[in-house]
Structures are given as structure tokens and as C-alpha cells.
Amino acid sequence: IALAGKMEKKDFVSLVTFGEGSSNQGDFHEGANFAGVHKLPVIFMVENNKYAISVPVSKQLACEKVSDRAIGYGMPGFTVDGNDPLAVYEAVKAAADRGRNGEGPTLIETVSYRLTPHSSDDDDRTYREREEVDEAKKKDSIVTFANYLREQNILTEEIETEMNEEINQIVNDATDYAENASYAEAESAMKYVYEENEE
Ligand SMILES: Cc1ncc(C[n+]2csc(CCOP(=O)(O)OP(=O)(O)O)c2C)c(N)n1
Ligand SMILES: [Mg+2]
């Protein structure tokens, strides 16, 4: 998409997000190299939440940071606090400007933490300590950024109550809608996999 945009001289930047676990697979390296060689306007954002299911980041990387990989593909790499929306905004803004200026791709590693098990099948008690999870919960941006906004007198109790009510309503409506929806037709399983000709 970024190559097509560049060829058509469109003013755009593409942004792709993926886990640090995905960044160990070939696709990431091939895509990053391609974007680097062709100086494509791509922002590669790695959400490093420190786990790929049960595998901790220490068993995934031989280098210190995921962003260290950027130099091999001819692009700058940055590691920012993924729990800090302002730090993420600053890094993405600079990367988008680089992309628009024709300076090519950027790799941004946002460091965060996976607060829940990987899925409902996953028992995370088998591979990490409760204390580690409890510590990370304190750094969740829902908590820390809300505190920051309160300190700045931007988030008042009134706004927060209103926001929470609105969010609860949206989630409840979506849950009711999903629970009341009928099952999909079996024939629809192959839809959106292959091109379909309207006849
Ligand atoms: C090619 C491939 N291998 C393995 C899997 C199984 N799998 C699904 S999610 C996952 C871990 C992904 O970890 P990460 O990229 O760090 O993302 P996170 O879930 O932490 O956001 C794995 C191994 C898969 N979906 N595809
Ligand atoms: Mg991960």
C-alpha cells in the first residue's frame, strides 16, 4: 500500500501495528527491508507487551530492544513508553512527518505490558509471577494518564462519570446486539477469502 501510494504521489503514510512476538518472524524482516530499500512512508509500530503467549521477551530477542533492529533496514528506531499516550503521539508525529517528507520508514517500539492471559485458554500462572502483573497494573495508562489529566484539571469528576456511563452503555449495547444475533450461515465461511464476481 505504501509503495502504491508513493508511486501515485499520494500524500499519505501507512501505519502497521504488531506484537513483539510477530517481530521475530520473517514477514516483519522482509517488509521492513523492502520499506527501507524503497524509502516507503511506513510506520512500523511494535507493541512490546513483553510476552508472546507464554514466551517472555528475554527469550525472544538476542538484542536489547526491538527498535535495535531498525538500523539493519536503514531506518531509525525508537523505543518509547507505550503507557504514555503523549510519548507515543510525539514519536508517531515525527515518524509521520518523516514519511511525508520522503525520508522513508520508521520503527517505533512502544513498551507496555499484557495485563491479562493471552486468551481464555491460557493459564498465565504457569509462567509469570502475580507480583509482576500487579506491579504492571499500577502503570496502566488508564490509571496513570487519568491521574495526569486530573492533575491538569482537564478530567473532572463530572466528565469522568459521564464518560464511564457512555462507555458502559456502548459495551452493554454491543454485548446485547452480539448475544441476540443469529448464527452466520455456514455458506458464508468462505466469504472474503477469495475474490467474488458479482453475477
Ligand atoms: C505464524 C504464526 N505462528 C504462530 C501463531 C500462534 N500465535 C498466535 S498469537 C501468538 C503470540 C503473539 O505474540 P505477540 O506478537 O507478542 O502479540 P501479543 O499477543 O503479545 O499482542 C502466537 C505465537 C500464529 N498465529 N501465527
Ligand atoms: Mg507480545
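How many bridges join E1 to strand E2 (residues 42-48)? Six of them do, and the two strands run parallel. Before going further, a word on the ground rules: this is a predicted model, in which local features need pLDDT of at least 70, side-chain atom pairs count only at pLDDT 80 or more, and totals for chains, interfaces and linings use all residues. Residues are numbered from 1 along each chain as its sequence is written, chains are lettered from A and ligands numbered from 1 in the order in which they are written, and side-chain values use heavy atoms, with hydrogens and water left out.

Back to the sheet. Strands (E, at least two residues) and helices (H or I, at least four) are DSSP runs, numbered from the N terminus, and two strands pair if DSSP finds at least two bridges between them. Four strands make up an open sheet with parallel pairing, in the order E1-E2-E6-E5. At its edges sit E1 and strand E5 (77-81), each pairing on one side only. From one strand to the next, the twist averages 20°; the axes behind such angles are lines fitted to C-alpha atoms, for helices over the stretch in contact, and angles run from 0 to 180 degrees between N-to-C directions. Looking along E2, Val-42 is the bridge partner of Ser-14, and Ile-43 is that of Leu-15. Six of the seven residues of E2 are buried, so the strand is largely enclosed by the rest of the structure. Here buried means under 20% relative accessible area, exposed over 50%, and partly exposed in between (1.4 Å probe, protein chains only).

Next comes the metal. Glu-20 (OE), Asn-49 (OD1) and Tyr-51 (O) coordinate the magnesium ion (ligand 2) at 2.1 to 2.2 Å. Donors are N, O and S atoms within 2.8 Å of the metal (3.2 Å for Na, K and Ca), and with water not among the atoms, sites may look incomplete. Along the sequence, the donor residues follow the spacing E-x28-N-x1-Y. Distant parts of the chain are linked here: Glu-20 is in the loop between strand E1 (14-19) and helix H2 (26-37), while Tyr-51, 31 residues apart from it, is in strand E3 (residues 51-52). Glu-20 and Tyr-51 are both buried.

Then there are the charged pairs. Ten salt bridges turn up in a search of the whole structure, each being a side-chain nitrogen of Lys or Arg within 4 Å of a carboxyl oxygen of Asp or Glu. One of them pairs Arg-114 with Asp-122, the closest N and O atoms being 3.7 Å apart. Arg-114 counts as buried at 9% relative accessibility, and Asp-122 is buried too, at 16%. Arg-130 pairs with Asp-124 at 3.3 Å between the closest N and O atoms; Arg-130 is partly exposed at 34%, whereas Asp-124 is buried at 5%. Together with Arg-128, these two belong to a network of salt bridges. Arg-150 and Glu-160 also meet in a salt bridge (2.8 Å, N to O). Arg-150 lies in helix H5 (residues 141-151) and Glu-160 in helix H6, so this pair ties together parts ten residues apart in sequence.

Helix H6 (residues 157-180) also holds Ile-167, which is partly exposed, with a relative accessible area of 44%. Ile-159, Met-163, Ile-167 and Val-171 make a nonpolar surface patch of about 330 Å². Patches are made of residues with over 30% relative accessible area and no salt bridge, with like charges joined within 9 Å and nonpolar side chains (Val, Leu, Ile, Met, Phe, Trp, Tyr) within 5 Å. Accessible areas come from the Shrake-Rupley method with a 1.4 Å probe, and for residues only the protein chains shown count as cover.
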